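Visitor: I am new to this structure and would like to go through it step by step. Could you show it to me?

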Amino acid sequence: QDDVRRFVAEQCETGGIGDTTTVLHEAYKDWCTAEGIYRRDQLGRSAFADALARLDYPSVKERRGMVHQ
């Protein structure tokens, strides 16, 4: 969860229209690679979405998918 917290702080603009879990997770994986975080230590999409929810970024179902704001 600390990696997700860092990712949000360093890479995301919060409070806007949001992005889908898939888009955010792809950006998270790219960020992890750039930060030297091994693939085996990266969260899968569901665990990533759960971590965002625990950080007070719950998902909302929209036409384009589950969106975190």
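Guide: What follows is a set of questions and answers about this predicted model.

Visitor: How do helix 1 and helix 3 pack, roughly parallel or roughly perpendicular?

Guide: Helix 1 covers residues 2-11, and its axis lies 10 Å from that of helix 3. The angle between the two is about 70°. Angles of 65 to 115 degrees count as roughly perpendicular. Helix 1 is therefore, relative to helix 3, roughly perpendicular.

Visitor: Which residues of helix 3 meet helix 1?

Guide: From helix 1, the contact involves Val-4, Phe-7 and Val-8. The residues of this contact divide into 6 nonpolar, no polar and no charged.

Visitor: What arc do the buried residues of helix 3 cover around the axis?

Guide: Phe-48, Ala-49, Ala-51 and Leu-52 are buried in helix 3. They sit on the same side of the helix, because around the axis they cover an arc of only 160°. On the other side, Ser-46 and Arg-54 are exposed.

Visitor: Which residue just after helix 3 takes a positive phi?

Guide: The place to look is just after helix 3. The phi there is about 75°. The residue is Asp-56.

Visitor: Is Gln-42 buried or exposed?

Guide: Gln-42 is found in the loop between helix 2 (21-35) and helix 3 (45-54). Leaving aside residues up to four places away in sequence, Gln-42 touches Tyr-28, Lys-29, Cys-32, Thr-33 and Ile-37. Its relative accessible area is 15%, and buried means under 20%. So Gln-42 is buried.

Visitor: How many disulfides does a search of the whole structure find?

Guide: A disulfide is a covalent bond between the sulfur atoms of two cysteines. Cys-12 is partly exposed, with a relative accessible area of 24%, whereas Cys-32 is buried at 0%. For the whole structure, the number of disulfides found is 0.

Visitor: How far apart in space are Gly-15 and Tyr-57, C-alpha to C-alpha?

Guide: Gly-15 lies in the loop between helix 1 and strand 1 (19-20). Gly-15 is exposed, with a relative accessible area of 71%. In sequence, Gly-15 and Tyr-57 are 42 residues apart. In space, C-alpha to C-alpha, the distance between them is 9.5 Å.

Methods: Residues are numbered from 1 along each chain as its sequence is written. This is a predicted model: local features need pLDDT of at least 70, side-chain atom pairs count only at pLDDT 80 or more; totals for chains, interfaces and linings use all residues. Side-chain values use heavy atoms; hydrogens and water are left out. Helices (H or I, at least four residues) and strands (E, at least two) are DSSP runs, numbered from the N terminus. Buried means under 20% relative accessible area, exposed over 50%, partly exposed in between (1.4 Å probe, protein chains only). Contact means heavy atoms within 4.5 Å. A disulfide is a pair of cysteine sulfur atoms within 2.5 Å. The arc is that of the directions from the helix axis to the C-beta atoms. Axes are lines fitted to C-alpha atoms, for helices over the stretch in contact, and angles run from 0 to 180 degrees between N-to-C directions. Angles under 35 degrees count as roughly parallel, over 145 as roughly antiparallel, 65 to 115 as roughly perpendicular and the rest as oblique. Ala, Val, Leu, Ile, Met, Phe, Trp, Tyr, Cys and Pro count as nonpolar, Asp, Glu, Lys and Arg as charged, and the others, Gly among them, as polar.
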